[in-house]
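Have a look at the picture before reading on.

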Amino acid sequence: MKNIFRLTSLVAISSLTFSCGSGQQNDDAAASQEEVAVEANTNDGFEKIFDGESLNGWDGDATYWRVEDGALVGEITESTKLDRNHFIIYQGGQPADFEFKAEFKITEAGNSGVNYRSAPVEGLEHALKGYQADIDGKNNYTGQNYEERKRTTLAYIGQQTKINPQEKEGDLRANVEKNAWLGLEVVKELGDRAEMRKVVKSNDWNEIRIVAKGNRLKHYINGTLMSDVTDEDPANSSFKGYLGMQVHVGPPMQVAYRNIYLKNL
């Protein structure tokens with residue numbers, strides 16, 4: 001489109017001696033329209049689920065969650081330290097097959113994550129159990145699949161895994177070793193973990209994307225597939241549930257989320 005415009009402008013200049021300034025303005029306007037079109041295509045089918053101005057549609061403890069500069073901010077201070085993890089929970093439904101995307105920024109001491117297909121914890125407000133796309137400020141775990149209050153690690157960074165059921169009955173912790181589910185079977189390595197961690201920008205904005213379809217769960221950071229889980233454990237897998245963001249027990253920290261979108265598949 002821009003090439004056609006430039007050719008037309010050259011013809012017009014030779015015959016009518018139009019000014020260069022006018023042509024430049026039109027060219028800039030065309031470029032701006034193209035950028036808008038790209039953004040629209042990027043968000044095709046997505047619903048913006050955080051308005052950037054209020055906590056409408058979200059349920060969280062105002063001690064830890066607020067809106068600031070267009071972002072959903074979770075913060076722990078010296079005077080508000082936690083005795084357990086807290087979540088701010090999306091109230092617009094319990095997504096099943098979906099694609100989620102948002103931008104996040106986290107301080108170095110921070111620990112957070114996006115829970116999905118999760119269930120409330122009985123007797124505890126603003127607590128969830130279920131799949132989590134992990135996020136941490138030291139970038140040890142960002143992008144892995146960690147199941148909060150259930151089977152723990154289902155895939156580390158750089159792993160495509162299959163989750164097999166375990167024969168042990170009773171407490172799920174009987175099937176956990178070194179904070180990982182014993183049914184975790186590595187299908188293949190997605191890449192070098194050290195190199196994959198380099199795609200995450202420290203103390204800056206990053207994009208997280210989650211694609212959950214059937215029993216396949218994929219986590220992307222800045223366009224890189226960080227973990228890929230196929231959950232074949234019928235007793236513990238989940239196919240729909242709540243979506244929420246976490247502030248984790250630990251030292252003072254801050255995490256921020258903005259441009260939060262959801263698309264049902």
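## The whole chain

Accessible areas here come from the Shrake-Rupley method with a 1.4 Å probe. On that basis, the protein chain exposes about 13600 Å², and 47% of that area is supplied by carbon and sulfur atoms. Keep in mind that you're looking at a predicted model.

What is the chain built from? You'll find three helices and 19 strands in it. Of its 265 residues, 44% are buried. Now take the contacts between residues at least 6 apart in sequence: 66% of them join residues at least 24 apart.

## Zooming in on Ser118

Ser118 sits in strand β7, which covers residues 111–120. Is Ser118 buried or exposed? Its relative accessible area is 3%, so Ser118 counts as buried, the cut-off being under 20%.

A polar atom of the Ser118 side chain lies 2.9 Å from the backbone oxygen of Tyr116. Leaving out residues up to four places away in sequence, Ser118 touches Leu128, Lys129, Gly130, Tyr131, Gly241 and Tyr242.

## On to Gly130

Gly130, one of the residues that Ser118 touches, belongs to strand β8 (residues 128–136). With a relative accessible area of 2%, Gly130 is buried too.

Which residues does Gly130 touch, not counting those up to four places away in sequence? They are Asn115, Tyr116, Ser118, Tyr146, Glu147, Glu148 and Lys150. Take Glu148: Gly130 and Glu148 are 18 residues apart in sequence, yet 5.2 Å apart in space, going from C-alpha to C-alpha.

How values were computed
Residues are numbered from 1 along each chain as its sequence is written. This is a predicted model: local features need pLDDT of at least 70, side-chain atom pairs count only at pLDDT 80 or more; totals for chains, interfaces and linings use all residues. Side-chain values use heavy atoms; hydrogens and water are left out. Helices (H or I, at least four residues) and strands (E, at least two) are DSSP runs, numbered from the N terminus. Buried means under 20% relative accessible area, exposed over 50%, partly exposed in between (1.4 Å probe, protein chains only). Contact means heavy atoms within 4.5 Å. A polar contact is a pair of N or O atoms within 3.5 Å; within protein, one must be able to donate a hydrogen and the other to accept it, and residues adjacent in sequence count only if both atoms are side-chain atoms.
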